[in-house]
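Hi,

Here is the structure I said I would pass on. Have a look at it first, and my notes follow below.

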Amino acid sequence: MRARNYIGIFFICLVVGAEANLIRGKAIKGLDNEDFPSRQVLTAKVNDYVDKTIKMLGPFLQENGLEPLKLPDIEEGFEVKPIIVTYSAWFKLTEGQFTGITNVSRSGDQIVSYIGKTLRVRVQLDFSDIKLSYNYLIKVMNLGPTGQILGSLNNFIAVADVLIDFNNDEIHLQQFSISNVGRLRVRLSGNILFDWLLNPFISVFMRIFDNVIMKFVELTIRNVAQVAIASINSNIKEVIQRIEALN
């Protein structure tokens, strides 16, 4: 079933390529026509095609273990200052989950470009209504409060840059990166923490969210996409070999 879905995505891209041939000579951001003096650059707006393809992403992400996405355990040290003396502390985050990745839609107009025998599709994806949770344990001054930290992220934007090479009938993921992260709100459940402990704990968690958690999400989605594209390429070659064997 997955192979059929992947091949379906590929043929949608072929239709996009045909559509791109209808619109000629438009400049597109990030692409310099002077780099291709002997080639004609064709571009097209492909919002409808992208929307149809995105509808397949939800089930695909769920099938590949990304909804919910299990987050790695994290352990981090920090300092607290209850009154005058500064104390060393540390916390451990476990059983993390990141949900809402299937809430994905197109962000803005999407453009494809066709140069020679390559089709470049650069898509911006808007992931919205994201939730995350971790169990936490804090150790400081013989205290060991535990509880749960709950986060709510309004959205994040990811950019996927896909190159379809008709010279060798292959698809390549040129880029997948999270380019913009919205506002994160957090709250704690469980033990009540004093301000002198709560504030530095939340501050360190926010830094970890930006530098560790979102990087993990980006890498995980990129790896799943790479595996899917490798499967697409394998299926394409198999279909072509079967067709050639009939001749």
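By a nonpolar core I mean a set of buried Ala, Val, Leu, Ile, Met, Phe, Trp, Tyr and Cys residues joined through side-chain atoms within 4.5 Å. Bear in mind that this is a predicted model.

The largest such core has 58 residues, and Phe98 and Phe201 have the most contacts inside it. Helix α4 (residues 195–246) supplies the largest share of this core, 15 residues. Leaving aside residues up to four places away in sequence, Phe201 touches Phe78, Phe91, Leu93, Tyr136, Ile138, Ile149, Leu188 and Leu193.

Now the strands. β4 (87–99) pairs antiparallel with β2 (residues 69–71) through three bridges, and there Leu69 has Phe98 as its bridge partner. With strand β7 (residues 118–139), β4 pairs in the antiparallel sense over eight bridges; here Leu93 has Tyr136 as its bridge partner. Leu93 and Tyr136 are both among the residues that Phe201 touches.

What about the surface? Ile83, Ile84, Val85, Tyr87, Met141 and Leu143 form a nonpolar patch there, with about 590 Å² of accessible area together. Is Ile84 buried or exposed? Its relative accessibility is 69%, so Ile84 counts as exposed, the cut-off for that being over 50%.

Cheers

Notes
Residues numbered from 1 in each chain as written. Predicted model: local features only at pLDDT ≥ 70, side-chain atom pairs only at ≥ 80, totals over all residues. Heavy atoms only, no water. Patch = residues over 30% accessible without salt bridge, like charges linked within 9 Å, V, L, I, M, F, W, Y side chains within 5 Å. Areas by Shrake-Rupley, 256 points an atom, 1.4 Å probe, with all protein chains shown as cover. Salt bridge = Lys/Arg side-chain N within 4 Å of Asp/Glu carboxyl O. Buried < 20%, exposed > 50% of the residue type's maximum accessible area, 1.4 Å probe, protein only. Helix = DSSP H or I, 4+ residues; strand = E, 2+ residues; numbered from the N terminus. Contact = heavy atoms within 4.5 Å. Pairing = 2+ DSSP bridges.
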